[in-house]
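Thank you for making time for this. I would like to walk you through one protein model, starting from the whole chain and ending with a few single residues.

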Amino acid sequence: MAPHFVSNSSEAAPPKAAHAWPWWRAPNRLRTDWRGQRVWLIGASSGIGAALATELVGRGARVVLSARSEDALQDVAARALKAASSAAEGETLVVAFDATEPDAWARARQTVTSAWGGVDVLVMCAGAYTPMRAWDIDITTMSHIIDVNLRSVYLGLQSNLSDFRARGNGAVVLVASVAGLVGLPNATVYGPTKAALINLAELLHSDVRAAGIDVYLVNPGFVRTKLTEKNAFVMPALLTPEQAAQAMLAGMAAGQFSIHFPKRFTLWLYALRHLPDRLRLAIVRRFTAAPESDAEVLPTTPPDVKTRPAP
Ligand SMILES: NC(=O)c1ccc[n+]([C@@H]2O[C@H](COP(=O)([O-])OP(=O)(O)OC[C@H]3O[C@@H](n4cnc5c(N)ncnc54)[C@H](OP(=O)(O)O)[C@@H]3O)[C@@H](O)[C@H]2O)c1
């Protein structure tokens with residue numbers, strides 16, 4: 001775990017607070033100016049996190065890049081600084097650690113605090129996904145996915161929220177998935193972890209918004225990353241990680257709570273979520289699961305059905 005300083009930038013002024021009422025106002029502050037904002041990005045070594053780090057550094061943010069692979073983080077940091085214009089004054093700090101370990105969080109936080117005095121925005125973007133049918137649960141894989149997708153988020157909150165509350169300022173970004181909106185085959189473990197994050201983000205917003213802390217929930221559709229590269233089918237409305245990062249920042253600039261993209265895909269899942277049970281379950285089964293004839297009879301040996309894994 002080695003801190004990596006690159007350049008200096010001035011202290012950031014906190015964004016203007018959003019009003020809680022009337023209800024139609026933006027639920028979060030409008031984050032349009034990232035210059036000098038200290039962002040701790042967990043899951044920054046690849047995919048959406050790496051693209052977000054690059055985009056943020058380009059907009060002048062000071063980004064702590066965290067994940068387990070230090071070499072990959074150093075590469076992302078170097079590429080981000082190279083891509084940023086010299087006027088951006090973005091800065092990076094690489095702090096490699098395993099976000100599922102409480103002791104590792106304590107050490108990482110110590111490193112970040114001694115380097116930059118704290119952070120303004122915590123982005124929980126680490127994720128793990130392995131397709132798994134309900135009758136085929138592998139205990140080790142199940143525990144790993146829950147640890148990375150959910151436990152790490154609680155550890156991140158435990159590590160940072162007290163500080164945000166004490167300062168009356170801060171932001172938490174939880175990267176969930178539209179797979180948490182509807183129960184989809186193959187997302188036996190992944191889907192429930194993302195559903196939990198959706199619930200957690202909502203209760204967090206109620207719990208800490210009054211203390212000056214913004215909470216953003218990010219539900220991406222399909223994005224081309226290491227996580228989805230095992231999918232052997234054509235993923236609908238597939239985005240690049242760069243497009244995903246830009247969509248996230250556009251949502252935060254608008255002060256949104258639920259930030260989901262691309263809308264041409266995610267709106268269908270939001271709509272599906274609100275359909276009556278019979279219709280929703282039938283649609284999901286029709287488009288994702290085994291043919292009707294297989295589904296009616298519970299097989300003792302599951303058929304080798306081709307299903308659509310979740311984003
Ligand atoms: N790609 C999609 O279509 C899609 C759709 C919806 C939601 N999402 C969500 O978006 C987030 C980013 O996923 P991605 O698609 O960009 O996947 P990715 O490229 O595989 O990135 C996952 C990141 O998580 C980090 N990570 C994994 N385990 C970790 C641990 N124990 N401690 C610290 N960091 C850890 C990885 O780094 P190390 O391996 O170096 O630790 C990597 O930086 C995930 O939460 C994912 O569920 C993705």
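Let me begin with the chain as a whole, where 40% of the 311 residues count as buried; by buried I mean that 20 or more other C-beta atoms lie within 10 Å of the residue's own, while exposed means 12 or fewer and partly exposed means in between, with the C-beta atoms placed from the backbone. Please keep in mind that this is a predicted model, in which local features need pLDDT of at least 70 and side-chain atom pairs count only at pLDDT 80 or more, whereas totals for chains, interfaces and linings use all residues. Residues are numbered from 1 along each chain as its sequence is written.

The secondary structure of the chain comes to nine helices and seven strands, where helices (H or I, at least four residues) and strands (E, at least two) are DSSP runs numbered from the N terminus. Among the contacts with a separation of 6 or more in the protein chain, 71% are accounted for by residues 24 or more positions apart; a contact here requires that the C-beta atoms of two residues, placed from the backbone, lie within 7 Å.

Now to the sheet. In what order do the seven strands stand in the sheet? The sheet is open, its order is β3-β2-β1-β4-β5-β6-β7, and the pairing is parallel, with two strands said to pair if DSSP finds at least two bridges between them. At the edges stand β3 (91–94) and β7 (258–261), and each has a single partner strand, so one side of each is left without a neighbour in the sheet. From one strand to the next, the twist averages 15°; for angles in this talk, axes are lines fitted to C-alpha atoms, for helices over the stretch in contact, and the angles run from 0 to 180 degrees between N-to-C directions.

Let me turn to strand β1, residues 38–42, which is largely enclosed by the rest of the structure because five of its five residues are buried. Both of its faces are covered, with Arg38, Trp40 and Ile42 buried on one side and Val39 and Leu41 buried on the other. On the pairing side, β1 runs parallel to β2 (residues 62–66) over five bridges, and four bridges join β1 to β4 (residues 121–124), again in the parallel sense.

Leaving aside residues up to four places away in sequence, Ile42 touches a set of residues including Ala99, Cys125, Ser152 and Gly156. The C-alpha atoms of Ile42 and Val123 are separated by 6.1 Å, although these residues are 81 apart along the chain.

Helix α1 (residues 47–58) and helix α2 (residues 70–83) have axes that come within 8 Å and cross at roughly 35°. On the α1 side the contact is made by Ala50, Ala53, Thr54, Val57 and Gly58, and on the α2 side by Val76, Arg79, Ala80, Leu81 and Ala83.

At the other end of the strand order, β6 (residues 213–220) and β7 run parallel and are joined by four bridges, and the partner of Pro220 in β7 is Phe261. Helix α5 (residues 190–208) packs on the sheet, touching β5 (170–175) and β6, and its direction makes about 160° with that of β6.

I will finish with some backbone details. Phe261 is joined to Pro262 by a cis peptide bond, with omega about -10°, and Pro262 is found in the loop between β7 and α7 (263–273). Asn186 has a positive phi of about 85° although it is not a glycine; its place is in the loop between β5 and α5.

Is Asn186 buried or exposed? Asn186 is buried, because 23 other C-beta atoms lie within 10 Å. Ala237, likewise not a glycine, has a positive phi of about 50° and sits in the loop between β6 and α6 (241–253), where it counts as partly exposed with 15 C-beta neighbours inside 10 Å.
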